[in-house]
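Please keep the sequence and the coordinates at hand.

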Amino acid sequence: MKRSEARDLLALLINRAGSSERWELPDLDLALQQANNEVWYEVARRNVAHLLARVSFTWPATVDRLDLTEMDYIGAQWDRVIRVVSTPNSGPPGPVNYPTDLEPVDFPSSAGVTYPVGISIQYTTYPYTMSVFRYAIQGNYLYVIPAGTQRYLTIEYVPNAPDLSYGASPNDNQLLGGQLLRLHELVVLEAALTAFSKTEEQLPEGFTTKLTQARAARDAYLSRPRTAHRPRTVRMPYGVM
């Protein structure tokens, strides 16, 4: 649903309730943005697989950290990193580009110097060998341990909720980033609830029932068994890694 369409529906709901307060475009857009954020992060909390984004890139051998906000990587709009994997070749993971999970580690501070703690462990079971690498995130920076080796990485992450604020972008912005179409009506209803709460006016007839049904539909949709499958660690032939 386009932002302009959602705004029209929101205005219609408010007018049907006989609201005595005049809602300008920025007020409608702010209510939609708040509801859009609430629904987005509720989905991320319940089943992150619905919102996962991925980016693949080459980790240079000459760096010890990368700024994830740079456009070659995740960019500025990201909520949290879910998973980091390494592949033997460039490009996204696949049947011929098997991924191996990097293990996350904490990022402690000691004597005023902040650094990631971790080691590379290599297991050798003839004729196979497997290396375990780790990663740490502090602020916007990603560290891979040990450094000094070029690697092909893929990051799975949750983007921030799309920006729908007034004047930020054209009216054809989509609710929930154009995803989760079944939940677009819920965004409008939640925005309307926020509007009614601010004006302390009586809810229109049937509104509570409709909102309850939309929330129940959300719960049923998110309870469906859609998960982000984690591949098993792949043992590479001896000498490859």
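What share of the contacts with a separation of 6 or more in the protein chain comes from residues 24 or more positions apart? Such residues account for 70% of those contacts, a contact being heavy atoms within 4.5 Å.

The model is predicted, and local features need pLDDT of at least 70, side-chain atom pairs count only at pLDDT 80 or more, while totals for chains, interfaces and linings use all residues. Residues are numbered from 1 along each chain as its sequence is written, and side-chain values use heavy atoms, with hydrogens and water left out.

The protein chain has 4 helices and 13 strands; these are DSSP runs numbered from the N terminus, helices being H or I with at least four residues and strands E with at least two. Of its 241 residues, 40% are buried, where buried means under 20% relative accessible area with a 1.4 Å probe, protein chains only. The accessible surface is about 13500 Å², and carbon and sulfur atoms hold 50% of that; the areas come from the Shrake-Rupley method with a 1.4 Å probe.

Leaving aside neighbours within four places in sequence, Val43 is in contact with residues including His50, Leu180 and Leu222.

Next come the rings. There are 2 aromatic pairs, counted when ring centres of Phe, Tyr or Trp (its six-membered ring) lie within 6.5 Å, with planes over 60 degrees apart taken as edge-to-face. Phe57 and Tyr73 form an edge-to-face pair, 4.8 Å centre to centre with 75 degrees between the planes. Phe57 lies in strand E1 (residues 53-59) and Tyr73 in the loop between strand E2 (66-67) and strand E3 (78-87), 16 residues apart. Phe196 and Phe207 also form an edge-to-face pair, at 5.4 Å and 90 degrees. Because Phe196 lies in helix H3 (residues 184-199) and Phe207 in helix H4 (residues 207-222), this pair ties together parts that are 11 residues apart in sequence.

Definitions and conventions: Buried < 20%, exposed > 50% of the residue type's maximum accessible area, 1.4 Å probe, protein only. Phe/Tyr/Trp six-rings, centres within 6.5 Å; stacked < 30°, edge-to-face > 60°.
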